[in-house]
Amino acid sequence: AIDRSFQVFSRIWCVAELVQAHTCGITQRVQLCSCEGLRDDAEDLGLYIQLATLTVADAEATRPEDRAEILSKITSISEFDAQLQAVIFGEHGLMERCFVGFGIFEAAASVARRMKAVSQQAHRLGCRSALWEKG
């Protein structure tokens with residue numbers, strides 16, 4: 001089960017184990033209290049932004065030495081983060097059940113609307129990232 005505020009994704013052991021299981025082909029399932037914060041028409045995009053901008057570099061551990069050990073085993077933070085996004089939002093990701101019932105075009109439109117809203121919010125906040133800028 002995932003806690004209501006999705007803080008499980010802020011714990012380095014949790015995200016490391018999720019990515020490792022995904023890499024090993026282990027099927028993963030989660031139980032959500034609600035998908036409300038992930039809907040494309042949600043008024044508050046905070047949850048989606050939190051998940052879409054996750055990075056293992058910001059993940060926490062109770063013991064600093066655990067965090068240091070896990071980070072030392074990651075050869076590329078950006079590649080790890082991309083895998084983490086696939087674990088969460090990918091075709092067979094943890095959140096795929098939030099989008100059950102959507103046709104492929106509806107799902108694509110939903111993702112596009114969310115990314116546009118996230119981009120607009122990031123622009124308003126002055127965030128600069130390749131994720132937000134046109135290639």
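A: Let's start on the outward side of helix α3, where P64 and S72 are exposed; exposed means over 50% relative accessible area, buried under 20%, and partly exposed in between, with a 1.4 Å probe and protein chains only. Helices here are DSSP runs of H or I with at least four residues (strands would be E runs of at least two), numbered from the N terminus. This is a predicted model, in which local features need pLDDT of at least 70 and side-chain atom pairs count only at pLDDT 80 or more, while totals for chains, interfaces and linings use all residues. Residues are numbered from 1 along each chain as its sequence is written, and side-chain values use heavy atoms, with hydrogens and water left out.

D66, I70 and L71 are the buried residues of α3. They sit on the same side of α3 because they cover an arc of only 125° around the axis, the arc being that of the directions from the helix axis to the C-beta atoms. The buried residues of α3 pack against α1 and α4, where contact means heavy atoms within 4.5 Å.

That packing brings us to the largest nonpolar core, which has 22 residues. Such a core is a set of buried Ala, Val, Leu, Ile, Met, Phe, Trp, Tyr and Cys residues joined through side-chain atoms within 4.5 Å. Helix α3 is among the elements that give two or more residues to this core, along with α1 (12–23), α2 (46–52) and α4 (77–89). The largest share, five residues, comes from α1.

The charged residues complete the picture. A salt bridge is a side-chain nitrogen of Lys or Arg within 4 Å of a carboxyl oxygen of Asp or Glu, and the structure holds four of them. D66 pairs with R63, the closest N and O atoms being 3.0 Å apart. D66 is buried, at 13% relative accessible area, whereas R63 is partly exposed at 43%. R63, E65 and D66 are linked in a network of salt bridges. E69 forms a salt bridge with K73, with closest N and O atoms 3.3 Å apart; E69 is partly exposed at 39%, and K73 is exposed at 61%.

In the loop between α2 and α3, E60 reaches R11 in the segment before α1, 49 residues apart.

In the chain, helix α3 (residues 64–72) has the highest mean, 96, and helix α5 (residues 104–125) the lowest, 68. The chain averages 76, with 67% of the residues scoring at least 70. Over residues 129–135, pLDDT stays under 50. Where pLDDT is low, the predicted coordinates should not be read in detail.

Key: pLDDT is the predictor's confidence in each residue, from 0 to 100.
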